[in-house]
Amino acid sequence: MGEEVKVFGYWASPYSYRAELALKLKGVSYEYINEDIFGNKSDLLLKYNPVHKKVPVLLHNGKPIVESVVILEYIEETWKHNPYLPQDPYDKATARFWIKFIDEKCFPTLWLAAWSSENEREKVTNEACEYMKTLESALNGKKFFGGETIGMVDIVASSVGYFIRVTQEIMGLNLLSADKFPQLFQWSEDFANCSIVKESLPPRDKLLPFVKGLIAKYQQDNAKA
Amino acid sequence: MGDEKVVLLDFWPSPFGMRVRTALAVKGIKYEYKEEDLSNKSDLLLKMNPIHKKIPVLIHNGKPICESLIQVQYIDEIWPHKSPLLPTDPYQRAIAKFWADFVEKKIYDLGKKVWTTKGEEQEAAKKEFIACLKLLEGELGNKDYFGGENLGYVDVVLVPFYSWFYAYEKCGNFSIERECPKLIAWAKRCMEKDSVSKSLPDQQKIYGFVLHLRKVVGLSKILCLQHISRHC
């Protein structure tokens with residue numbers, strides 16, 4: 001086809017993971033470039049994402065697309081087979097609603113719960129649990145948020161289902177537990193066990209020390225502030 | 001298509017609500033506007049948006065759609081042939097969605113800081129606010145609208161904030177037009193269209209609303225108020 005597809009990402013970033021999973025679901029070959037986002041961002045990254053200077057960046061035939069959710073919608077519209085967003089406008093709006101909810105409520109509070117201080121943690125944890133309960137209701141007995149197969153909400157929810165689970169392990173938290181959120185827990189198991197998901201997730205043994213270091217840094221910065 | 005029922009639960013100063021009003025007006029869609037008293041939310045609002053309990057809520061044939069960007073995209077997809085807001089090309093769509101996301105991430109929060117803070121914090125907010133508007137000017141370039149020759153998605157997402165510019169300027173003691181003349185020219189061009197001018201409240205009215213909030217509530221409490229809460 002002569003398509004040139006590149007992803008500028010970071011191996012541990014849940015956002016750049018989304019772009020990679022979407023391309024894999026569509027069976028699109030791409031070149032992956034790991035950016036040193038904590039050290040030294042490449043000139044190319046700064047050129048392709050001058051506004052936010054962040055990963056992921058999808059480069060398709062030389063044209064950059066940035067922001068993970070924008071990238072996911074672009075991939076869906078460009079490679080129409082194996083759709084992961086519903087066709088019906090109302091169902092599409094519903095999927096977009098849950099995506100926003102995950103990104104603005106679930107993921108940030110869960111991450112905050114992981115590294116916040118003892119006295120703040122309870123309040124944040126309670127808030128996170130409320131959000132998880134609400135997110136669980138979106139599953140509504142389905143295997144995946146997308147129904148029988150992985151949809152865009154599942155791709156975005158990987159931040160919660162995998163990355164947060166790893167984070168919790170490090171912190172000795174048990175927020176996403178099978179007894180508290182049985183459906184959501186089962187979903188995260190089913191999701192992580194899909195072969196296409198497994199082959200692109202950053203390995204746990206590498207992610208654990210990385211997230212540990214990141215949490216320590218957040219706690220340090222927070223203590224100073 | 002004749003018996004479509006469209007209802008909008010809204011609050012008149014909300015820039016988020018204004019986006020939906022504008023999108024519906026651009027497409028010539030008739031709808032019922034219901035003003036919400038945010039200190040006494042209606043049963044309908046609480047039923048239609050149980051998770052966030054916020055306006056705007058678009059109700060189409062009894063089914064609710066929440067979150068203004070999602071609502072505008074929904075409107076564009078339900079009525080695709082009337083004045084399309086998003087282009088058909090995926091790359092052009094991605095650019096439009098990127099800038100709409102940029103407006104969403106920056107403009108409301110920075111604008112709010114401009115009219116609710118003082119001193120160094122306010123100066124920093126003003127500086128960043130202008131920097132963001134300048135980036136948007138860059139994206140506009142020589143086009144009449146972000147959508148090209150006609151109003152598009154980014155125009156609809158951004159133009160509501162123009163109704164708040166006078167309030168920002170008075171509170172922040174600065175001139176947005178002096179810093180970003182191209183953007184103001186764009187906003188005035190948008191306001192020449194009925195679909196925009198009839199969907200946005202008068203700038204003086206918004207300023208009056210801000211003064212009222214400051215007087216009645218006190219600046220420190222404003223940040224907590226649901227009236228101007230982030231996802232309203």
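**Entry 1: chain B against chain A**

I began with the contact between the chains, to which chain B gives 25 residues and chain A gives 24 residues. I note that this is a predicted model. I then looked up the buried area: chain A and chain B bury about 2300 Å² between them, and 69% of that lies on carbon and sulfur atoms. On the chain B side I found that B:Ile70, B:Tyr91 and B:Phe98 supply 26% of the area buried against chain A, more than any other three residues.

I get seven salt bridges across the interface of chain B and chain A. A:Lys100 forms a salt bridge with B:Glu104, with 3.7 Å between the closest N and O atoms.

Helix α4(B) has the largest share, eleven residues. By residue class, I list the side of chain B that touches chain A as 14 nonpolar, three polar and eight charged.

**Entry 2**

Strand β3 (residues 57-60) and strand β4 (residues 63-66) of chain B run antiparallel and are joined by four bridges. I find B:Val57 opposite B:Cys66 in β4(B). Two residues lie between the strands of this hairpin, and B:Asn61 takes a positive phi near 50° there.

**Entry 2: the two domains of chain B**

I took the division of chain B as domain 1 (6-78) and domain 2 (90-229). Their C-alpha centres lie 20 Å apart. In the contact I have 18 residues of domain 1 and 24 residues of domain 2. The domains bury about 2000 Å² between them, 70% of it on carbon and sulfur atoms. Of the area that domain 1 buries against domain 2, B:Trp12, B:Arg19 and B:Leu69 supply 28%, more than any other three residues.

I count one salt bridge between the domains of chain B. B:Arg19 forms a salt bridge with B:Glu104, the closest N and O atoms being 2.9 Å apart. I note that B:Glu104 also forms a salt bridge with A:Lys100. Five residue pairs are in polar contact between domain 1 and domain 2, both residues at pLDDT 80 or more.

On the domain 1 side, the elements giving two or more residues are α1 (15-26) and α3 of chain B. I find the largest share, nine residues, in α1(B). This side divides into twelve nonpolar, two polar and four charged residues.

How values were computed
Residues numbered from 1 in each chain as written. Chains lettered and ligands numbered in written order. Predicted model: local features only at pLDDT ≥ 70, side-chain atom pairs only at ≥ 80, totals over all residues. Heavy atoms only, no water. Pairing = 2+ DSSP bridges. Contact = heavy atoms within 4.5 Å. Buried area = accessible area lost by both parts, 1.4 Å probe. Salt bridge = Lys/Arg side-chain N within 4 Å of Asp/Glu carboxyl O. Nonpolar A, V, L, I, M, F, W, Y, C, P; charged D, E, K, R; others polar. Domains from an automatic or database assignment. Polar contact = N/O pair within 3.5 Å; in protein donor to acceptor, adjacent residues only side chain to side chain.
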